[in-house]
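Reader: I have a structure to look at and would like to go through parts of it by question and answer. Please show it to me.

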Amino acid sequence: MDRIKVGVIGVGRGMSFARGAEAAGLELVAICDTWEEKLKKAAEELKVATYTDYDRFLEHDMDAVILANYFNEHAPFAIKALEAGKHVMSETSCNSTMSEGVALCRAVEKSGRIYMLAENYPYTAFNQEMRRIYKSNEIGQVTYAEGEYNHPMSADDRMRISVGEDHWRLWTPPTYYCTHALAPLMYITETMPKKVNCLSIPCHGIDKMTMRVADNGMVILCRMDNGAVFRIFGLLLPGHSNWYRVHGERGAMEITRGPGYFGPGQVRVWHEEWDLEPGEVREKTYVPEFPEHAELSRKTGHGGGDFWTDFHFCNAIRTGEQPFLDVYRGVAMSSVGILAWKSALAEGVPFDVPDFSNEEDRKKYENDDWSPFPKDRRPGQPAPSILGYRKPGIEAKEHVRSVWAKEGYAK
């Protein structure tokens with residue numbers, strides 16, 4: 001079939017999408033970024049049209065746009081692309097405010113185009129296997145689940161990808177980056193969050209040589225639409241952990257813990273001795289394979305997930321059917337992060353998660369622009385830490401600026 005022509009905005013994280021486009025049936029035709037030096041280097045590798053102006057980029061002959069721009073700026077870019085008649089895949093987060101989530105859902109509905117959240121962690125081999133097990137009803141309906149995305153990095157490594165004092169990574173409360181932990185559980189169980197509460201974990205000692213002002217860790221509890229409770233943990237605390245567990249009415253499953261980014265990549269399934277069905281074993285542990293396209297998956301990042309996001313986006317465009325990670329699930333997950341931060345600032349008070357497919361629910365949030373990000377500064381906006389606003393020290397500033405200078409940033 002004819003390839004789907006796609007443009008990518010953001011030549012940092014976006015390079016993974018750009019390089020993997022062909023394998024999934026997409027044809028990369030254009031890239032866009034305001035950092036001209038990096039854009040030039042990307043163009044030398046990719047040999048496609050380049051733009052520094054997003055409006056001009058959208059005029060290029062293409063069918064779809066992949067957004068890998070700043071985490072807290074996706075919704076306005078997505079809405080503009082939808083209005084230009086483009087299909088959209090958005091990386092990591094759909095909306096940074098509740099009002100953006102409302103506007104995005106309305107824009108997708110009005111456009112009739114495909115919208116997908118490019119959340120890659122559901123598509124590792126072990127998470128796809130746990131979805132298969134769950135759908136086979138081997139462990140029964142979910143009662144409790146845990147998802148952990150805790151990814152510590154050295155101070156200098158964090159600053160290399162957080163260039164500038166107002167960079168989103170420095171100001172993002174830990175709850176906002178919840179989709180790597182929550183999305184796989186929603187994908188496995190096909191449940192939706194209905195209520196959320198949270199406690200934040202400030203550990204600013206690990207930031208003494210950084211410019212980060214937000215808290216470092218969090219624990220979120222989500223009440224799901226079937227009554228189950230999901231525990232979500234992350235984000236930057238020492239002790240790397242990417243891990244998932246699901247308890248059902250008659251068994252449980254998890255990925256096994258161990259060294260490495262995802263541990264050994266094994267799935268463990270177990271039952272109680274008195275509750276075994278004919279042919280079942282009490283416990284089994286094994287390394288699963290991808291259900292298909294294993295060779296292509298293994299060539300991409302994030303445990304193969306980077307291939308699958310492109311793959312599902314491409315298939316959705318071809319079929320005209322919205323993907324599993326559609327705008328309603330994507331905005332719900334992103335809004336869990338927002339509402340969890342409201343809860344953390346109130347020491348755990350619960351908040352309802354609206355149904356973003358319901359206009360009556362959406363209308364309540366259409367003017368809610370509550371946000372901790374610098375671009376939204378005004379009286380009444382929240383701090384990025386439960387301890388308030390923290391100022392990096394002089395020594396940290398001097399050190400970080402030397403790190404940034406090596407990345408070509410001299411402000």
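**A buried threonine and its helix**

Author: T179 has a relative accessibility of 3%, so T179 counts as buried (buried is under 20% relative accessible area, exposed over 50%, partly exposed in between, with a 1.4 Å probe and protein chains only). This is a predicted model, in which local features need pLDDT of at least 70 and side-chain atom pairs count only at pLDDT 80 or more, while totals for chains, interfaces and linings use all residues. Residues are numbered from 1 along each chain as its sequence is written, and side-chain values use heavy atoms, with hydrogens and water left out.

Reader: Which helix is the place of T179?

Author: Helices are DSSP runs of H or I with at least four residues, strands are runs of E with at least two, and both are numbered from the N terminus. By that numbering, T179 is in helix α9.

Reader: Which side chain does a polar contact of 2.6 Å join to T179?

Author: Contact means heavy atoms within 4.5 Å. Neighbours within four places in sequence aside, T179 is in contact with T92, E119, P184 and M333. A polar contact is a pair of N or O atoms within 3.5 Å; within protein, one must be able to donate a hydrogen and the other to accept it, and residues adjacent in sequence count only if both atoms are side-chain atoms. At 2.6 Å, the side chain joined to that of T179 is the one of E119.

Reader: Why are α9 and α12 oblique to each other?

Author: Angles under 35 degrees count as roughly parallel, over 145 as roughly antiparallel, 65 to 115 as roughly perpendicular and the rest as oblique. Axes are lines fitted to C-alpha atoms, for helices over the stretch in contact, and angles run from 0 to 180 degrees between N-to-C directions. Helix α9 (residues 179–189) and helix α12 (residues 327–345) have axes 10 Å apart and pack at an angle of about 135°. The two helices are therefore oblique.

Reader: Which residues in α12 do T179, L182, A183 and M186 meet?

Author: T179, L182, A183 and M186 belong to the α9 side of this contact. On the α12 side, they meet R329, M333 and V336.

Reader: Is G348 buried or exposed?

Author: G348 lies in the loop between α12 and β16 (351–352). Leaving aside neighbours within four places in sequence, G348 is in contact with N197, C198, L199 and S343. Its relative accessibility is 19%, so G348 counts as buried.
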